[in-house]
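Hi everyone, thanks for making time today. Let me put the structure up, and then I'll walk you through it.

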Amino acid sequence: MPDLGLYTGEVLAAYAGSLALLAVLVGGSIWQARRVRRRLEAMERARREASQSHGG
Amino acid sequence: MASLWEYANPQRFMAFSARLLPWTAGLAAFCLVTGLIWGFFFTPDDFRQGSTVKIIYLHVPSAIMAVNAWLMMLVASIIWVVRRHHVSALAAKAAAPVGTAFTLIALYTGAVWGQPMWGTWWEWDPRLTAFLILFLFYLGYMALWQAIEEPDTAADLTAILCLVGSVFAIISRYALVFWNQGLHQGASLSLDAETNVHNVFWYPLLVCLAGFGFLFLALVLSRTRMEIRARRLHAMIARERLA
């Protein structure tokens, strides 16, 4: 840890706040992408099964 | 060589972005980790700003990318209005939360830096005010997408909002040139060696800039893919309701 002198609080707060916001942005984007992908795959699977049962 | 417009086809975009995404995400992680560790641990204090100069590695790249994100949304919105490519409208929508987060980081780190350096968290300076208005435009843009159910109408109206907001995106970048007043100092990055930051700060800053750029690209690609899937999902649900 470097010696931040008088401004330790400010520098650490800037880094902690920004990195937390970036983590929320990246984590939120990944979570949202996975959720939509799972829902779409489930819907497509259900459709395929329905069309197969109609065909059979 | 393939035409750029081929990627307006959702299937082609999905295939292309699937190949590009791991590279952009990997480069973003590498540049951000390297740049931030280099800047935080291995650069000296500035003779005037002390250790607060280390905030530059977050503040400058996020501020630059906040404006660039809006300009990217503007280009995508114009493509939507002129050529009606859905992928471009969805890319603009996908970029908005990323731009919002970058604007918030720029405002937050600016305030944290400003308190010890200027003696105030906030000043109604032309650049700061334009940036705050840009942030409000980002929020308004996202709210408008949420408020309108019909996606094409939402894309049309948000494109107009994006065009209006571009004025503030440009003002926030060039406020100092336009008004030549206020607390905010001139650009930290310049081609003029006299005004550019010293090399000891410049090199890690360049790496952080690349990191924020790649992060933006990775997130926009990922979120656009999510928006394309969400659109398909909604279309399937709508068809089922009609059947």
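In chain B, take the contacts between residues at least 6 apart in sequence: 78% of them join residues at least 24 apart. Contact here means that two C-beta atoms, placed from the backbone, lie within 7 Å. A word on the source: this is a predicted model, where local features need pLDDT of at least 70, side-chain atom pairs count only at pLDDT 80 or more, and totals for chains, interfaces and linings use all residues. Residues are numbered from 1 along each chain as its sequence is written, while chains are lettered from A and ligands numbered from 1 in the order in which they are written.

Now, what is chain B built from? It has six helices and zero strands, taking helices as DSSP runs of H or I with at least four residues, strands as E runs with at least two, both numbered from the N terminus. Chain B has a radius of gyration, taken over C-alpha atoms, of 20 Å, close to the 18 Å from the globule rule for 243 residues, so it is as compact as a globular protein of that length. That rule is 2.2 Å times the number of residues to the power 0.38.

How much of chain B is buried? The figure is 42% of its 243 residues, where buried means 20 or more other C-beta atoms within 10 Å of a residue's own, with C-beta atoms placed from the backbone.

Finally, the largest nonpolar core has 70 residues: buried Ala, Val, Leu, Ile, Met, Phe, Trp, Tyr and Cys joined through C-beta atoms within 7 Å. H3(B) gives the largest share, 16 residues. Among the members touching the most others is Phe216(B), and beyond its neighbours within four places in sequence, Phe216(B) contacts Met65(B), Ala69(B) and Val98(B).

How values were computed: A residue is buried if 20 or more other C-beta atoms lie within 10 Å of its own, exposed if 12 or fewer, and partly exposed in between; C-beta atoms are placed from the backbone.
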